[in-house]
Amino acid sequence: MQNPGSGSTFKPEEAYAAAAGRFFEMMKTFGMSGATTDWKSLAAPLASQFERWLQMSQASPWFKAAAGDTPGGFGPASAAGGFFGALPLGPAAVQGAQMPRALELLGRLAQLQGQLAGHWSQIAATAAQRFIARLGSAAAPPATPQQALQLYELWVNCAEEAYAATVHREDFSRLQAELANTSAALLAEQRQQAEALVRSFGLPTRNEVDALHAQLQELRRVLAGLGTAPRAPAPQPAPGATPPAKRGRKRAAGRRGAPAGRKRARGPRR
Amino acid sequence: MNDAGAAPGAALAELTLQISATLARLRSAAGVTVGCSLKERVWSCGKTTLYRYAPLAPPAGSPPVLICFALVNRPYVLDLQPDRSLVRRLLEAGLDVYLIDWGDPEESDRHLDLEDYLERHLGGCVGHVRAQCGGTPLDLLGVCQGGVLSLCYTALHPQAVGRLITLTTPVDFHTSGNLLSKWVRGIDTALLERCGNVPGELLNGLFLALMPLRLTQQKYVRLLTSQPDQRALEDFVRMEKWIFDSPPQNAAALAQFVRWFYQENRLVRDTLTIGGRRVRLADIRQPLLNLYASEDHIVPASASSALGEHVGSRDYTGCAIATGHIGMYVSRAAGGEVPGRIISWLAERS
């Protein structure tokens, strides 16, 4: 599943159309078209459908990113695709670099993906078995949309229960964290290469800009702490707003000044 | 379950028609707007903006209420539409309401940390509001992650806050049902910080992955058979817009939040230090109202209710509302109960 978008570009009608389409297909599988349904025989196709959906919705950003589909790293494809699958990574992130470290990380990522796929498979099989068991052999195919929804609600309950039973486990949590950390490490590699490239053109690197930014921030803090010195430009009354009373300003200045001696100077963060 | 004599395929045909009809109505609702109450921008600091709402009733004579929302979502959910607006209910009760909007941080803001947010941004807002009311302590209403910031701020600046209200606020991050906490416990926060600001979509993906079928599929399918009227559909679209409208997160502040709260659970372990100063829940002695959702999948009720065991306040009220996390802000039931409890709790202490 690909989410239709996010933020200001999110289109609920597209998300609805995709979900309704899947619901429609599921109802066809359940015999809503009039065909006789042998529920037990549906366990395998149902599990297969759910597993595919899990792979697409929860893991697709990994593959998309690996294919370079998430320009700049974080893409809208991640919106419903799971936090851990949304980090920028993959060959696109290390294009042309052929660094051993990056390749090592990519290999590790593929291993982790395989482990994740194993979890999706287990969840899907458990969900389908649970659904068939709860349905009972006497159930008839849905004849109205309302009946179809009842069946669907039962399916969702079974699927979410199976999902929760796995994703709460410690091994699953560790795997997800490792996926996130590995993808973050890949992004860090990508940044490192970009820094080298920028430096070779004689342009300021991100680390250098970071260092300047940190110095500027520190200077602002020191100036604010001096009291009579020019104010830091950051906190300003909004245009047209009533200026705060003097007492409030003194308090604010005191607060701003207080951390100056305590706060450590920040160097570039890598 | 089958109707005897139903024509084969007739049900599928009916379903197809319903899908198309609902889709057309959803498209017609796509232009809905969010936010409903008149407000004025009164102060700003970096990307942070402080708003003051226009009054809707004669003043109740209470100190101003400053709402501190989470960094990870937009605060307009508290004033989504007239019949689903916590802000509006407070205004109708004669309260003077201010709201902090943290804005959209850019890459140049990625070094802003929690101390910056607490002291310069939240502290600046508090300073401005207090300056308008002669320096008296204000009432602070912290929501979700904003509740954590509010607790920290109150502990550090007890003289500035008269009464504290927390809504769906996590305090003990290691209770057993907290899936979010389990998932991020192994994240390398130093590495996360090095990668720069985190897009809002990524965090939203995390929240949706907690219950993926319910949160990304079932709600749409339910539209098919519930046949909501146009107004209900517009309500639905407003919520969807809000859910998928998440601001990016500053790298430093997010990394600190994950490490200090989700991983190290410093609030309840009494080991939190911000800007060189100990943040102790025991130092919060103000009257405190703690409202949380009993069916919250993001902040489990147990994570919020723990607050009562750790604060120093002798006037602590904890209350579970029968709804989910987002339902606390926008459900019709909570729309009456949550503001009602806040208003009466404040009135009882005036």
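These legends walk through several close-up views of a predicted model.

Residues are numbered from 1 along each chain as its sequence is written, and chains are lettered from A and ligands numbered from 1 in the order in which they are written. Because this is a predicted model, local features need pLDDT of at least 70 and side-chain atom pairs count only at pLDDT 80 or more, while totals for chains, interfaces and linings use all residues; side-chain values use heavy atoms, with hydrogens and water left out.

**View 1. Chain A as a whole has seven helices and one strand.** Helices (H or I, at least four residues) and strands (E, at least two) are DSSP runs, numbered from the N terminus. Follow chain A along its sequence and the pattern reads α-α-α-α-α-α-β-α. Of the 270 residues in chain A, 50% are buried; buried means under 20% relative accessible area, exposed over 50%, and partly exposed in between, with a 1.4 Å probe and protein chains only. Take the contacts in chain A with a separation of 6 or more: residues 24 or more positions apart account for 73% of them. Contact here means heavy atoms within 4.5 Å.

**View 2. A:Phe30 and A:Phe131 form a stacked pair of rings.** The ring centres of A:Phe30 and A:Phe131 are 5.4 Å apart and the planes meet at 20°, so the pair is stacked. For Phe, Tyr and Trp (its six-membered ring), rings pair if their centres lie within 6.5 Å; planes under 30 degrees apart count as stacked, over 60 as edge-to-face and the rest as tilted. This pair links distant parts of the chain, 101 residues apart: A:Phe30 sits in the loop between α1 (12–29) and α2 (39–66) of chain A, and A:Phe131 sits in helix α3 (residues 100–135) of chain A. Both A:Phe30 and A:Phe131 are buried. Look around them and you will find one aromatic cluster, formed by A:Phe30, A:Trp39, A:Phe50, A:Trp53, A:Phe131 and A:Trp155. Over all chains, a search of the whole structure finds 17 aromatic pairs.

**View 3. B:Phe257 and B:Phe261 form a tilted aromatic pair.** Their rings are 4.7 Å apart from centre to centre, with 40° between the planes. Helix α10 (residues 251–263) of chain B holds both B:Phe257 and B:Phe261, which are four residues apart, about one turn of the helix. Both B:Phe257 and B:Phe261 are buried.

**View 4. Helices α8 (residues 212–226) and α9 (residues 230–243) of chain B come together.** Two packed helices are described by the angle between their axes and the distance between the axes. Here the axes come within 12 Å and cross at roughly 170°, which makes α8(B) roughly antiparallel to α9(B). The axes are lines fitted to C-alpha atoms, for helices over the stretch in contact, and angles run from 0 to 180 degrees between N-to-C directions. Angles under 35 degrees count as roughly parallel, over 145 as roughly antiparallel, 65 to 115 as roughly perpendicular and the rest as oblique. On the α8(B) side, the contact is made by B:Lys219, B:Tyr220 and B:Leu223, and on the α9(B) side by B:Leu233, B:Phe236, B:Glu240 and B:Ile243. These residues divide into five nonpolar, no polar and two charged. Ala, Val, Leu, Ile, Met, Phe, Trp, Tyr, Cys and Pro count as nonpolar, Asp, Glu, Lys and Arg as charged, and the others, Gly among them, as polar.

**View 5. B:Cys125 and B:Cys144 are two cysteines of chain B to look at in turn.** Over all chains, a search of the whole structure finds zero disulfides, a disulfide being a pair of cysteine sulfur atoms within 2.5 Å. B:Cys125 is in no disulfide, and the nearest cysteine sulfur, that of B:Cys45, is 7.8 Å away. B:Cys125 is buried, with a relative accessible area of 0%. For B:Cys144, the closest cysteine sulfur is in B:Cys68, 11 Å away and too far for a bond. B:Cys144 counts as buried at 11% relative accessibility. The loop between β7 (138–143) and α4 (145–156) of chain B holds B:Cys144, which has a positive phi of about 55° although it is not a glycine.

**View 6. A:Ser173 lies in helix α5 (residues 170–200) of chain A.** With 7% relative accessibility, A:Ser173 counts as buried. Leaving aside neighbours within four places in sequence, A:Ser173 is in contact with A:Val167, A:His168, B:Lys182 and B:Trp183.
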